[in-house]
Each structure stands twice: as structure tokens, then as C-alpha cells.
Amino acid sequence: MRAYLASSIAVTCAAALALPLALTTPAGAAAAPAAPPALPAAEPAGDLAGSTQSLPLEPLAAPEGRPRGHAFGRPEGAAGERGLTRREVRPFSLVGVVWNDARTHLHGTVQVRTRATADGAWSDWQDVETHNEEHGADPGTAEGRSGVLRGATAPLWVGDSDGVEVRVRPESAEERVPTALPAGLRLELVDPGPDPAASEAGRTRAAAAAEPAVPAAESAAAPSVERASAEAAAASVNAEQAAFGATVIPALTREETLATLSPAANPANPAANRGANRAALAAKPYIGPRPKIITRKGWGADEKMREKAFGYTKTIKAAFVHHSATGNNYACKQAPSVLRSIYRYHVKSLGWRDFGYNFAVDRCGNIYEGRAGGVAKPVLGAHTLGFNTNSMGVVVLGTFGSATPPAAVVTSVAKLTAWKLGLHGVNPKGKVTLTSGGGNLYKKGRKVKFNAISGHRDGFATECPGGRLYSKLGTARSSSAKYQGR
């Protein structure tokens with residue numbers, strides 16, 4: 001990936017199984033080939049499940065009744081419409097489109113429809129958010145300077161599927177003259193793999209069934225050792241928050257939260273600690289109680305996938321709130337799968353070093369640890385292009401341009417920021433100043449004043465976090481300040 005990331009997403013699309021398709025050709029599509037396209041090969045999963053299929057997009061044939069040489073009224077070729085006709089693929093749950101150069105913008109529309117594995121029904125066409133360049137590492141950082149970062153749409157959660165169709169339509173700069181689409185367009189189909197509990201049970205059954213007399217091959221054992229080391233590193237940075245390897249960091253009261261911050265706390269003298277905490281509370285320290293946080297282990301992050309090192313900024317002055325633009329068609333029990341899919345998309349498809357956001361919140365208000373490095377530490381994320389330094393990113397899973405976020409979401413954002421901003425002495429209702437790292441609203445080096453809890457659109461010309469969620473940030477600020485005791 002970069003000097004410190006050797007993994008690559010060059011996933012082959014060569015034939016793996018030549019299975020016949022039982023799919024009907026849609027009206028206006030090109031004539032069926034003599035032999036059906038083979039299912040694309042998925043990348044090796046190692047000892048954790050989950051994979052990505054990467055399919056190059058092709059020029060689409062003209063619909064029936066249109067002159068040859070035109071696709072939907074536009075010239076074919078490099079600047080014309082590209083996509084894939086309906087085809088059977090290996091199971092996946094999340095889709096996105098990527099291209100070679102992260103600095104190139106996709107001026108056009110992306111739509112997909114998918115076939116559900118449960119009943120074989122095809123969905124209607126769904127829009128994929130094309131503007132995703134406002135997320136990512138700041139240009140001047142090692143992650144931002146990487147030569148392997150890719151341009152991409154936002155990911156879209158579609159649920160368990162085994163068929164796909166996609167079309168990318170360029171905007172017209174002039175009548176009947178489309179703008180050029182980015183080079184290297186391809187569809188990414190992400191399978192998040194089973195939930196952690198199911199994976200662990202499967203490994204346990206496999207280990208019990210294995211013959212002890214047959215030693216494991218050295219090449220097969222090595223990835224497990226490497227992954228165990230990565231998992232240990234990710235857990236150790238949360239050692240002050242929870243037991244090693246915990247799936248959940250438990251919620252604390254304000255008094256208990258203060259106890260975790262006191263360097264003089266004496267585990268052998270709880271009574272003295274309580275007295276010290278009462279004195280601290282009387283002095284009105286402005287920090288909220290720590291909320292319950294599901295760890296990376298809890299949502300099943302494959303720690304071997306990310307870069308080994310952790311990146312940090314100096315402090316946390318502001319929290320930027322985002323929506324994932326993955327859609328709202330998920331149950332809360334599926335949120336870990338959504339997170340694993342976004343994580344894989346960020347790392348394998350986009351070339352990022354890790355999950356981009358510091359925290360995630362699902363529609364039920366559950367809070368999740370995002371980028372590795374420690375929930376209480378100032379971890380440098382890749383969420384608000386130009387303003388990742390000295391800030392944190394909180395992504396709400398869903399799309400909130402026209403959908404109103406549940407009250408549980410706003411409450412959790414308030415609780416999380418009351419605690420995390422409180423660790424750094426920040427008033428959630430106050431103003432802070434950040435220096436731009438470069439973006440489309442503020443040039444590099446410009447000092448910009450923000451609300452301590454801001455929306456992504458405050459730092460970049462974007463719709464994120466959606467108008468309905470953005471309108472709730474005032475409520476989140478007031479609630480967060482109350483949780484801090486202000």
C-alpha cells in the first residue's frame with residue numbers, strides 16, 4: 001500500500017467456475033454471449049472470512065431502438081456509459097465503484113441493482129453517492145501522499161446478494177457530448193464474512209475435528225500468528241478502558257469516569273478514591289460519563305488487514321459528524337457486518353491504512369470503536385479531508401438527506417462527544433479553531449473557526465452528513481454540554 005502497507009487490492013476477475021446463468025437478459029441489453037460469463041474469483045480469505053470481488057466496467061451497448069454507436073443517447077467509448085449487464089456473482093452485501101486516480105472526480109451518476117440471495121428478486125435501481133472525495137486523509141500526511149489511493153463512490157449496503165447490474169452515466173458538458181469518466185472504473189463487491197461469534201465457533205469446531213498428529217503447514221500458520229499479534233496490539237491500546245481482548249468497553253458513571261483519569265487512584269483503597277472523586281465532582285470537572293463502546297474485536301475487525309502502526313494527532317478539539325451514505329436498509333444486528341464491509345472497502349478498495357472514522361453509531365444508538373489506536377487517545381483519522389488533525393470523526397450508519405435520524409442516534413452522538421471532548425477540556429457548545437490541511441472550501445494553512453461539534457459540510461463542500469442529521473447537531477451540542485455538567 002505505502003511504505004508500511006504491502007497489501008494490494010489487485011483482485012483477479014479471471015474465471016473460477018463456469019456456472020450457467022439462470023438470469024434473463026434485460027430489455028435493450030446486448031445479445032447474450034456464446035458462453036456465459038464465469039463467476040469472478042474472490043480473493044483468498046485467509047483464516048478469517050470476508051472477501052472482495054473487483055469487476056472492470058465495460059462500455060454498454062445501445063438500448064433497442066437507439067442508433068448503434070450511442071448509449072442512452074450518448075456516444076459510446078471511453079467517454080460513454082459504462083457498466084455491467086445482469087450477472088451472477090459470488091455472495092456480497094456492499095457495493096461501490098472505484099477508479100485509478102483519487103484526484104480525479106467522477107462527473108456523472110452511478111446506479112446499481114442487485115439480486116437477493118433469499119428469494120432471487122431483483123431490486124429497483126439504486127443511486128450510489130458519487131461524491132466521496134471529501135473523505136480521506138489530509139494531503140500532507142503519509143496516508144494522504146500514498147500513491148495507491150483510489151477514487152471511489154461511497155459504499156452502498158444492499159444486503160445478502162448474488163447478482164448485480166451497474167451503469168455509470170457521464171454528465172454532458174455540452175448537448176450530446178459527455179464528460180470523460182475516470183480511468184480504471186471497476187465495481188467492488190464486498191462480502192463482510194460471518195459475525196465474529198459464528199467465525200469463532202467455526203474455528204473451534206474445525207480445531208476439534210482436526211487430527212493432532214498432522215502438523216499445520218508453516219505457511220498456513222504464519223498468517224494466524226501475524227493476525228494474533230495485530231489483535232493484541234489493537235487490544236492493548238484500550239487496556240485502561242477494558243480487559244484485554246474485550247468485545248465491549250463498559251459504560252461508566254461520571255464518578256467512575258473520573259476515577260479512570262486520576263493518576264493518584266489507588267486500587268487498594270476504593271474508599272479513598274471515592275472521596276477524591278466526590279471532591280473532583282464538587283469542583284465540576286466538565287466531562288461526561290463514558291458511554292458503552294463496542295470494540296473492534298466486538299464487531300469483528302480483521303486486524304491483519306490494516307497497517308500495523310497507529311497514527312496520532314496532538315489533541316482533540318472538534319468532532320465532525322458524518323453519515324455513511326450506505327443507505328438505511330439494515331437491521332441493528334447487521335451493523336457489525338456493515339462496519340466490516342466499510343472497513344474492507346476503505347482498506348482494500350480505496351487504499352486507506354484503516355477504517356476512516358474514529359467512531360461509528362448505528363441507528364439504534366450503539367457506539368463502535370472505529371480506527372485502531374485506542375478509544376481514549378487522539379487517533380488521527382481519515383474522515384474530513386483537510387481537517388483530520390486535532391479532530392475526531394463520528395459516522396452514523398445510514399443516509400440522512402431525506403430520512404430523519406432516530407433519537408437514539410442523536411443521544412449517542414451527544415454522550416460520545418461529552419466524554420471524548422471532555423477528555424481534552426472542550427466545551428461541546430463552544431467554538432474551536434483548526435488549521436486547514438487543504439480542501440475545496442479552505443486553502444491549506446487557513447485558520448478556520450468551527451463549532452466543537454460540527455458537520456462534515458462545515459469543513460468541505462458536501463451534503464454530508466445529510467440535511468436531516470445536520471439539523472440535529474444543535475440538539476447534540478446542548479445535550480453533550482449537559483452530560484459534561486455544564
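Which residue forms a salt bridge with glutamate 143? Hi everyone, let's start there, and please keep in mind that what you see is a predicted model.

The partner is arginine 371, and the closest N and O atoms of the two are 2.9 Å apart. Glutamate 143 sits in the loop between strand S9 (126-128) and strand S10 (151-152), while arginine 371 sits in the loop between strand S19 (367-369) and S20, so this pair ties together parts that are 228 residues apart in sequence. Both glutamate 143 and arginine 371 are buried.

Let me show you another loop-to-loop pair. Glutamate 307 and arginine 353 form a salt bridge too, with 2.7 Å between the closest N and O atoms. Here glutamate 307 belongs to the loop between helix H5 (296-299) and S17, and arginine 353 to the loop between helix H6 (335-349) and S18, so parts 46 residues apart in sequence are tied together. Again, glutamate 307 and arginine 353 are both buried.

Arginine 87 and glutamate 58 meet through their side chains in a salt bridge, at 4.0 Å from N to O. Since arginine 87 is in strand S7 (residues 82-99) and glutamate 58 in strand S4 (residues 58-59), the pair ties together parts that are 29 residues apart in sequence. Glutamate 58, at 39% relative accessibility, is partly exposed.

If you are keeping a tally, the salt bridges come to 15. Some of them join up: Arg296, Glu303, Arg306 and Asp354 are linked in a network.

Let's turn to the nonpolar side of things. The largest nonpolar core has 36 residues, and Phe359 and Val396 are the ones that touch the most other members. Which elements give two or more residues to this core? They are strands S17 (318-323), S18 (359-361), S20 (391-396), S21 (431-435) and S22 (447-451), together with helices H7 (407-423) and H9 (473-483). H7 gives the most, with six residues.

Have a look at valine 396 on the screen. Setting aside neighbours within four places in sequence, valine 396 is in contact with Val321, His322, His323, Ser324, Val361, Val409, Val413 and Leu469. Apart from this core lies another one, of 28 residues, including Val190, Ala335, Val338 and Trp352.

Conventions. Residues are numbered from 1 along each chain as its sequence is written. This is a predicted model: local features need pLDDT of at least 70, side-chain atom pairs count only at pLDDT 80 or more; totals for chains, interfaces and linings use all residues. Side-chain values use heavy atoms; hydrogens and water are left out. A nonpolar core is a set of buried Ala, Val, Leu, Ile, Met, Phe, Trp, Tyr and Cys residues joined through side-chain atoms within 4.5 Å. Buried means under 20% relative accessible area, exposed over 50%, partly exposed in between (1.4 Å probe, protein chains only). Helices (H or I, at least four residues) and strands (E, at least two) are DSSP runs, numbered from the N terminus. Contact means heavy atoms within 4.5 Å.
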